[in-house]
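Good morning, and thank you for coming.

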Amino acid sequence: MPRTVLLAEDDRAIRHALERALTLEGYRVTAVADGAEALAQAHRGRPDVLVLDVMMPGVDGLQVCRELRAEGDPTPILMLTALVETADRIAGLDAGADDYVVKPFDVEEVFARLRALLRRTDRTDDRAEADGGAAEEGREQAGGREEPGGRYLEAAGLRMDPKARRAWRDGHELELTRTEFELLELLVRNAGVVLDHSTIYDRIWGYDFGPGSKNLAVYVGYLRRKLDRPGAPRLIQTVRGVGYVLRED
């Protein structure tokens, strides 16, 4: 069955071009011109993935994203934005988006990011259905310590429950988006091991967007905002020119 995409973009030329490109790529596309209709379509039948323009009249993409997340809808969301400042991208991530593409974009990049989001969703579903799958993965990975029974991962004062997708630092629960949780889980499972940029991109996004991409840095920065506390050690360390590692200062 073809994957379904709900596309919301108020610019008619961009909407029609992207709808056609996605259809030719094999997706079944529902294209709408505003956020209110996007919400209505999402409520009628959940698509496999949403592509939302940030700047739309009336209900914008951020509002759509917040509304769906408040309802508990986990459908992966790719934001289209002409806003290039880090703070603007963070606003999208804070609203619950999983990834973003900056306009003007290459349609091949949109395809790559959609494939990555859908692969991650498939992996999450497979992990939830597999009996003991998360526990087995934890035993195979060096680094993060796994609690008896295989439910929790622990490292550097962090505790994670991969099956319930919950995480805590020093007993305080963290509110994490899908991407933030997967990034933190990867770091915890490899605590003390320096992971290079390409490895992280491949494991989280399924695609290396190249040395010019700031996608990973944005997510690491936002994850640090949620992890770091006054007077507490910083947990995610930058290894300049290489990547990142989870360890206490």
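I will go through the chain as a whole, then a pocket, a helix, and several individual residues.

Please keep in mind throughout that this is a predicted model. The chain has nine helices and 13 strands. Of its 249 residues, 47% count as buried. If we take the contacts with a separation of 6 or more, 58% of them join residues 24 or more positions apart.

Let us turn to the largest pocket, whose volume is about 750 Å³. Its lining consists of 30 residues, and those nearest the centre are Arg 69, Pro 74, Leu 176, Thr 177 and Arg 178. Which elements each supply at least two residues of this lining? They are α5, β9, β10 and α7. The largest share, five residues, comes from α5. Sorted by class, the lining holds 15 charged residues, nine nonpolar and six polar.

Is Glu 180 buried or exposed? Its relative accessible area is 1%, under the 20% cut-off, so Glu 180 counts as buried. The side chain of Glu 180 reaches the backbone nitrogen of Thr 177 at a distance of 2.9 Å. Leaving aside residues up to four places away in sequence, Glu 180 touches Glu 175, Tyr 222, Leu 223 and Lys 226.

My next subject is helix α2, which runs over residues 35-44. Its buried residues are Gly 35, Ala 38, Leu 39 and Ala 42. Viewed down the helix axis, these residues fall within an arc of 100°, so they line one face of α2. Among the elements that cover them are the strands β1, β2 and β3, together with helix α3. The N-terminal end of α2 is capped by Asp 34, which has a side-chain oxygen 3.1 Å from the backbone nitrogen of Ala 36.

Another aspartate, Asp 60, sits in the loop between β3 and α3. With a relative accessible area of 19%, Asp 60 is buried. A polar atom of its side chain lies 3.1 Å from the backbone nitrogen of Leu 62. Asp 60 and Asp 10 are 50 residues apart along the chain, yet their C-alpha atoms are separated by 9.6 Å.

For contrast, consider Gly 171, in the loop between β9 and β10. Gly 171 is exposed, with a relative accessible area of 64%. From Gly 171 to Leu 158 the C-alpha distance is 8.4 Å, and the two are 13 residues apart in sequence.

I will finish with the backbone. Most residues other than glycine have a negative phi, and most peptide bonds are trans. Where does this chain have a cis peptide bond? The bond from Lys 103 to Pro 104 is cis, with omega near -10°, and Pro 104 is in the loop between β5 and α5.

Ala 156 is in the loop between β7 and β8, while Arg 165 is in the loop between β8 and β9. Ala 156 counts as partly exposed, at 24% relative accessibility. Arg 165 also counts as partly exposed, at 26%.

Thank you for your attention.

Methods:
Residues are numbered from 1 along each chain as its sequence is written. This is a predicted model: local features need pLDDT of at least 70, side-chain atom pairs count only at pLDDT 80 or more; totals for chains, interfaces and linings use all residues. Side-chain values use heavy atoms; hydrogens and water are left out. On a 1 Å grid over the protein atoms alone, a cavity is a set of points where a 1.4 Å probe fits but cannot get out, and a pocket is an open set with protein on both sides within 12 Å along at least five of seven lines; lining residues have an atom within 4 Å of a point. Grid points are joined across faces, edges and corners, and a volume is the space filled by probe spheres set on the points. Helices (H or I, at least four residues) and strands (E, at least two) are DSSP runs, numbered from the N terminus. Ala, Val, Leu, Ile, Met, Phe, Trp, Tyr, Cys and Pro count as nonpolar, Asp, Glu, Lys and Arg as charged, and the others, Gly among them, as polar. Buried means under 20% relative accessible area, exposed over 50%, partly exposed in between (1.4 Å probe, protein chains only). The arc is that of the directions from the helix axis to the C-beta atoms. Contact means heavy atoms within 4.5 Å. A polar contact is a pair of N or O atoms within 3.5 Å; within protein, one must be able to donate a hydrogen and the other to accept it, and residues adjacent in sequence count only if both atoms are side-chain atoms.
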